Structures are given as C-alpha cells and as structure tokens.
There are 2 protein chains.
Amino acid sequence: MLTRAEEDHLKAVHRLLEDGIASTNAIAERLNTKASSVTVMLQKLTEKGLLNYQPYKGVTLTRKGREQAVALVRKHRLWETFLVERLGFGWDEVHEVAEQLEHIQSSKLVDKLDDFLGHPSFDPHGDPIPGRNGALKVVHFKALAALAVGAKATVAAVGEHSRDFLRFLSEQELGIGAKLQVLGRNAFDGSLSVKTGDGRTIQLSHATAEHILIR
Amino acid sequence: MLTRAEEDHLKAVHRLLEDGIASTNAIAERLNTKASSVTVMLQKLTEKGLLNYQPYKGVTLTRKGREQAVALVRKHRLWETFLVERLGFGWDEVHEVAEQLEHIQSSKLVDKLDDFLGHPSFDPHGDPIPGRNGALKVVHFKALAALAVGAKATVAAVGEHSRDFLRFLSEQELGIGAKLQVLGRNAFDGSLSVKTGDGRTIQLSHATAEHILIR
DNA sequence: TCGCATATTTAGTTGCGTCTAATTTATGTT
DNA sequence: AACATAAATTAGACGCAACTAAATATGCGA
C-alpha cells in the first residue's frame, strides 16, 4: 500500500516519462517540493520495487510501478469525468478535486464508478481513460498549430490544463468537439486566424494553438 | 484547515458526546489509537478553537467545532448515500470508503453531490443528513426491543453499523423500510418473535432488537 | 477521609515527509 | 583535458502524529 506522497511521486514520474526523462528537478517542480525530497522518495519507491533508479543516472518505472501509476491516472480521469458529466463542474474546476479523489483506496469504488459512467473512453479534457486491465489506448493527437492553412478540424483534447487556459477555450466556444477551420497563419509570430463552428473569426497565439489538439 | 487526524478526532468527540461524555479512552478506542495521542490532539484542537478542553475535566465542542463536525457528518452520509443509491454498493460495504471520502476538501463538491442526490434527508442506514446550513433534524428513534407485543412497525434506522449486523439484516429482509410485527417476547432472554413483511416468523435476540430502530 | 484503582496527562522516542545547507557527480566550454 | 556550472544527492533538522513508559489526578469503597 502506497502513501499519498508515494503515489504523487509515482504519478509524476509516469507523467514526465511520457515526454522524455523524469528529472529530479522536474518532479520536484510538479509536486511543489524540493529536489532533495524527491531523491529520498525515489529511493523509497525503488526499495518498494516500483522504480528503477540509480543515483545520478535517472529513473524509469518497473512493470509494477507502471501498473500503479496507470491505475492512478485511471482513477483521476474517471473522477474528472464524474465531476463534469454528473455533478456539473466546469472542466476548468475539476483538477484539484480529482487530485484528492484519486487517492481514495478502494478498487471496488473505481470499478463501480466506471460502470456508473458507462465505461467512458475519454475524460473531459480529451485524454484517454485506461481500462480496468490497465490498457491505455495510445491516441495520436496533433496540435492545431501544425495544421495547414485551409484545413478543417475538430478539437479532440487539450495539451494544457491550467484553469485560465481552459476558461479561455470555454469562452471562445472551443471546447472538446468544437469544429474550426484554419484561415491563415501569421508569418511573424505563428499566430493563427481561425474560423469557429459558430462562424466567428478569432486569432489564436502560437502557444494557444500548440495546446489545442486535433485527432 | 484541519488535517485528517484532526478531523477524525473532532468527529469522534462529536459522536461520543451524543451519547454522553467523550472520554479520552473512548476517543482512543474509536480511532484505534492510544489515550496519550488523543490528549495531545485535544490540546491542539483546543488551541484551534474547536474544543473546550481542560485537563482531567473532559471536553466539549465549541460552536465552531460543532459546525465542522456536523459538516463532516454531512459529507460522510451524503457519500454513503451516493455509494448505495448510485453506485450499487451494499449498505454494509460503504463505511470505510465514506470514511475516506469525507475528508475530501471541497465545499463545492459536497453541495453539488447533495444536488445530484436530490437533497436526501436520510442516509442508507436511516441516519438524518445535516443540511447545507448545518441543521440536523433530531429524529427520535425507538428500539424494536421496546415495542409491545402485537405492535406493528417499519424499520427506520439501525443502531449498529457493523458489517456482520447489516448483512444479517439484509439476509432477513429487514432493511430500512421493512415492515414487521412483534408476535411475542421471551421472558427469559428478552428475545423477540417477529413476523416479517413477507410473512416469515423469525427470532431476534434482544441485542439485535435493540439495534433495529423504529420511528 | 484515606487509599487505591483507574483514567488521564506528560515526557521522551519514532517514522514519515519535508526542508536547508553542504557535498558530489555530470556536463559542456574552451 | 581541465574546469566551471548545473544537477543531483547526502547530511542534518523539523513538524506532525503516532507510540511507550512514567507521573499525576480523580473518584470510589472501606
């Protein structure tokens, strides 16, 4: 049985490994702690057989560690789905609460929640929800920023979960499922001119377009 | 903000005060800790203005302490209701999970859960659920053991939440809402002969009958 | 009212998870 | 290849919440 701190570290490692390496500093930043604290936890989790860690050499997940991490992701995303679809939370309000809920210890609860929600495949941010067996479908998202001028697309996910970003998208009617078309690209700063499903034309900065994901 | 340990102690004090005094030992037993640990927590909670505590003289709740304790009871009972009514848990399976869920920090979550459940007045064990404002309707339950021979009644709540007891009641179709009639009382051990709603006649020990509650 | 059993509190220790400060390792520049 | 800088680790300390053991208060029975 893992403690909350252990679960948090495990999840951070898993998340960071998706984008490359999980450096001690990056983990610390994600968890709002210090690198020295992270080192100690990495040692402990290695002790417990969840990580492969060698001082100064970096860290990877063991099979067991990956399973536990994916189970946490599953819980997090199921709870987010519950909060948005059943309780009426906004997609920009659920992260912190789900961060707490994912630590509830009860496999029966997760499975019943999954049943209750009808075995959803994606959470409110478009991220895939791992199955009961731990199977996580790898979905290939493409950034809106990478589309050619003239291309049409449907928003499938977001690459940034900050409250401000999500609220901005909601306000612009650019939530998951929103349809749009790239009208032009500013050669100077890479910003896009985009036509939305409801006919408006808006400007999106390159940074924003990088975080709007298309299937 | 209270830590989990603080919340647990606060709730234990609240619960025990309902039946009289909250002795240090009784609190420790409820929380599976030692009296010495409890003493320290009582001091801390007094420091925080939630308890009135004087060494060797006992403890009571302050107004603020009572509010927080009732808020915890509210959360616990709403979650139990959710688990049973929406997720299909048995009423004998929800206590431990609700014990974890009640510590989730988000007033918005509680209120939305309450809305989602349709503002239930009673939890799956028949206990009243405090309102958003903290109002807890005092319901006067009477033990089945106290009924006169010949009396008819409907099970309204249970005075014992142990898994074994609840399972026994489920098996005998004596859940909340079950109708029954007292056919006779054994003068020797106080056990009751009871006719159930579905026509069976069963024997209930005095201890059991004390924990089946009637409105 | 005294003495003793019991309840409670205090004192001192432990494990966990964090911190800061000091040290060590890795790396990239010249 | 040597060294400066950045990254990571180790060492030592702290707060929290638990523990055990020792001390102290309460209150009941003789």
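Helices (H or I, at least four residues) and strands (E, at least two) are DSSP runs, numbered from the N terminus. This is a predicted model, in which local features need pLDDT of at least 70, side-chain atom pairs count only at pLDDT 80 or more, and totals for chains, interfaces and linings use all residues. Residues are numbered from 1 along each chain as its sequence is written, while chains are lettered from A and ligands numbered from 1 in the order in which they are written.

Q: Which residue just after α4(A) takes a positive phi?
A: A:Gly88 does, with a phi of about 80°.

Q: What makes the span of helix α4 of chain A agree with its number of residues?
A: The expected span of a helix is 1.5 Å times one less than its number of residues. For the 24 residues of α4 (residues 63-86) of chain A this gives 34 Å, and the end C-alpha atoms are 34 Å apart, so the two agree.

Q: Why does A:Tyr56 count as exposed?
A: A residue is buried if 20 or more other C-beta atoms, placed from the backbone, lie within 10 Å of its own, exposed if 12 or fewer, and partly exposed in between. A:Tyr56 has 5 C-beta neighbours inside 10 Å and therefore counts as exposed. This residue lies in the loop between β1 (51-54) and β2 (58-61) of chain A, and its phi is near 70°, a positive value in a residue other than glycine.

Q: Why is B:His119 called exposed?
A: Because 11 other C-beta atoms lie within 10 Å, B:His119 is exposed. B:His119 is placed in the loop between α6 (107-117) and β3 (142-143) of chain B, with a positive phi near 50°.

Q: How many residues of chain A are in contact with chain B?
A: Taking contact as C-beta atoms, placed from the backbone, within 7 Å, 14 residues of chain A touch 14 residues of chain B. α6(A) gives the most to this side of chain A, with four residues.

Notes
Two residues are in contact if their C-beta atoms, placed from the backbone, lie within 7 Å.
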